[in-house]
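Keep the viewer open as you go.

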Amino acid sequence: MTDHDRPPIIPVPPRSPAEKTRNTETGTAERLAMNRTGSFEWDLDARTLDVDEAGLLVLGLDPATFDSRPESLADLLEPAERSRLDAAIDEAIKGGSNSYSVHLRVPLEAGDQWTHIQARILRSDDGRAHRVIGLVRDATAEVTHSAFVLELEKRRQRQTDIVERTTSALSRAVTVDDVTAALTGPGGLARLGADGLALGLLDNTALNVIALSGESLEVIDELGTGRLDRAFPLADTVLSGRPRFVSSLSALTRRYPVLEPYVGQLKFQAAAYLPLVAQARSLGGLALFYRERTAFNADERNLCLGLAAIVAQSLQRAKLFDEEREFATGLQSAMLPRRIHDIEGGEIAVRYHAAWSGRQVGGDWYDVIALPKDRFGIVVGDVQGHDTHAAAIMGQLRIALRAYAAEGHPPSTVLARASRFLAELDTDRFATCAYAQVDLGTGTVRVVRAGHFGPLIRHMDGRVGTPQVRGGMPLGIATELGDEEFPETRLDLVPGETLVLYTDGLVEEPGADIDAGVRTLITEVSAGPAGAEALADHLSDRLWERWGSGDDVALLVLRRSPDPGSPRAPRLHQYIHQADPEGLSDARTIVRQALTDWEMAELADDAELVTGELLVNVLLHTEGGAVLTLEVLPEPVRRVRLSVQDRSSAWPRRRTPGETATSGRGLLLLDAVATRWGIEPRGEGKAVWCEIGPAAPPASPPVHRDAVPPVAEKPGGGQR
């Protein structure tokens with residue numbers, strides 16, 4: 001470095017002795033003030049307290065007047081602080097500790113000061129404390145800073161908790177109703193850290209307040225709901241896209257004079273009006289109200305904006321869900337029958353429940369199809385998958401199956417053609433269904449099924465049967481595998497009985513075996529009311545709530561009108577399935593109970609005996625079940641008429657069994673017990689009937705309206 005590069009030397013004048021002395025005294029005071037730490041010595045035996053000059057400055061004591069008494073220091077403190085100091089000292093001395101440390105708030109003229117006392121206890125050889133030495137220092141700055149940091153941390157933690165709780169609650173919201181429930185339901189305002197809330201959504205040029213929560217906020221309904229007008233704060237926020245933070249109601253009315261008449265009804269002191277924007281699209285506005293807050297700092301404003309962003313994202317997702325669901329359910333409902341026509345001789349009830357998750361609608365369907373000769377077809381089915389494609393296939397398959405059925409084809413042919421139709425759609429979906437042709441005039445039900453549940457039948461006494469209905473493969477798959485065989489099963493629905501068809505959504509319980517769901521359904525069908533509409537409502541209420549709404553459900557309930565007869569001539573019908581081992585015993589019990597209820601118990605033994613004999617013949621010698629009819633003939637003599645109908649055209653023959661024969665005595669038994677009996681053709685089969693009771697008077701021999709030869713009767717009560 002050259003001389004030209006050196007900085008110039010500035011001469012400093014020498015200091016005088018007076019200046020040196022003055023500067024020395026000033027430096028000592030400055031050092032004491034900056035250090036703010038002193039020491040003390042407390043003689044417990046002499047009860048004296050020596051504090052150096054720096055310590056006295058820290059404690060705010062005058063060195064010229066301090067009398068070295070511990071009480072003089074204690075008198076500086078407020079009672080609570082004095083008690084805290086005494087407790088710390090006593091605990092250390094009596095507990096055998098060698099030190100103690102305590103922070104105290106000392107009141108000074110300039111304000112309260114935090115003082116830190118840190119001391120060491122000196123003890124004699126016998127462990128007795130006799131002297132305490134230590135430091136005393138000004139800790140105001142560090143305590144204040146620590147308190148500030150703690151308060152800041154608490155505030156930030158509170159804000160974090162608000163965001164986390166709100167995010168968690170809204171993450172479970174699926175629909176717009178779910179979002180409003182999360183904001184206004186139990187704990188909603190607490191999660192937001194607010195005392196009141198108003199939520200408005202844009203609907204074209206209108207702003208509709210869809211959610212309110214908080215005391216006195218009912219007046220918000222009058223403050224611009226339905227109008228997008230800048231004279232109102234929420235609408236102004238939505239139109240401008242800028243948040244507005246109001247620290248007082250007077251400031252609010254100055255900005256929005258139209259609110260002046262309503263301010264007195266509001267019990268809030270501050271508000272934050274926040275626009276709800278998601279993906280550059282304005283959805284509406286959110287207003288948060290506070291009872292005590294008077295200002296919004298930067299952190300609080302950021303918190304409000306963050307909450308608005310969370311709510312906006314949730315609303316956008318929910319609105320999209322609602323739109324998709326409306327589209328999907330609209331498509332689905334358009335493909336189902338708009339109404340079910342009344343049927344003669346019975347009643348039909350249908351219920352449909354759509355799945356809950358957006359476009360996750362399924363392909364479940366039901367239908368009732370008018371057929372020639374006063375018959376009709378009923379069907380429930382389910383196309384594989386839970387999307388709009390499944391719903392579209394369902395619509396096409398339903399129309400095709402309806403057309404094939406209306407052409408008059410037998411049930412097996414209807415499903416075979418429907419399977420072929422589905423396979424020709426060139427889709428990877430298959431479908432299951434159960435289809436039945438019903439003739440309520442005779443009670444005949446011809447059922448076929450393709451990979452689907454069979455029907456349930458509820459009998460007149462409330463028992464529920466599960467008839468064995470043979471089945472084929474699902475539609476579509478059957479054609480692809482070359483197996484379009486759908487065997488037909490005939491069932492007989494007697495008056496008053498009910499047939500139930502359903503899809504798997506009604507019996508599937510998450511995490512449970514589907515057989516458990518079927519058993520529950522059977523229990524509810526048995527316990528439910530008799531009418532078709534009432535039973536459908538009962539099953540809907542009990543089972544949809546039990547399983548949830550994660551799958552589509554189609555339900556069809558068909559009841560044949562009961563035939564109770566008249567009060568003087570009651571009548572009952574019962575179907576006994578061939579595969580039901582308890583059916584015979586139940587039928588005999590039903591006959592005995594009916595006659596007891598009709599005040600004809602004296603005929604119960606004979607009627608029960610004949611019932612068992614006739615039913616055993618049908619169940620042993622035919623390939624189907626039997627229909628038992630029991631009725632009272634009031635004129636001219638009150639008798640019981642019992643009839644058993646089957647599907648076999650072969651009539652029983654009178655035989656003469658030997659002593660060791662195990663059969664052939666049925667007609668002999670009728671001769672012995674019945675007043676008269678006979679056999680009649682009934683459709684594809686026959687009916688064996690008998691009358692039990694007193695014989696008709698000779699002057700007016702009875703001619704029953706249904707009696708056709710051959711008839712065996714006892715004239716005057718005797719056996720022919």
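## A strand-to-helix salt bridge

R351 has a relative accessibility of 17%, so it counts as buried (buried is under 20% relative accessible area, exposed is over 50%, and partly exposed is in between, using a 1.4 Å probe and protein chains only). R351 makes a salt bridge with E533, and their closest N and O atoms sit 2.7 Å apart. R351 is in strand β11 (residues 346–353) and E533 is in helix α16 (residues 532–547), so this pair ties together parts that are 182 residues apart in sequence. E533 comes out as partly exposed, at 38% relative accessibility.

A salt bridge here is a side-chain nitrogen of Lys or Arg within 4 Å of a carboxyl oxygen of Asp or Glu. Helices (H or I, at least four residues) and strands (E, at least two) are DSSP runs, numbered from the N terminus.

## What you're looking at

This is a predicted model, where local features need pLDDT of at least 70 and side-chain atom pairs count only at pLDDT 80 or more, while totals for chains, interfaces and linings use all residues. Residues are numbered from 1 along each chain as its sequence is written, and side-chain values use heavy atoms, with hydrogens and water left out.

The protein has 19 helices and 26 strands. Of its 720 residues, 46% are buried.

## Helix α8, mostly tucked away

Is helix α8 enclosed or open? In α8 (residues 233–240), 6 of the 8 residues are buried, so the helix is largely enclosed by the rest of the structure. The buried ones are P233, L234, A235, D236, T237 and V238. They pack against β6 (196–203), β7 (206–213), β8 (244–246), α9 (249–255), β9 (270–278) and β10 (281–290). Just after α8, G241 has a positive phi of about 75°.

D236 is worth a click: its side chain meets that of R230 in a salt bridge (2.9 Å, N to O). D236 is buried at 4% relative accessibility, whereas R230 is partly exposed at 46%.

Definitions and conventions:
Contact = heavy atoms within 4.5 Å.
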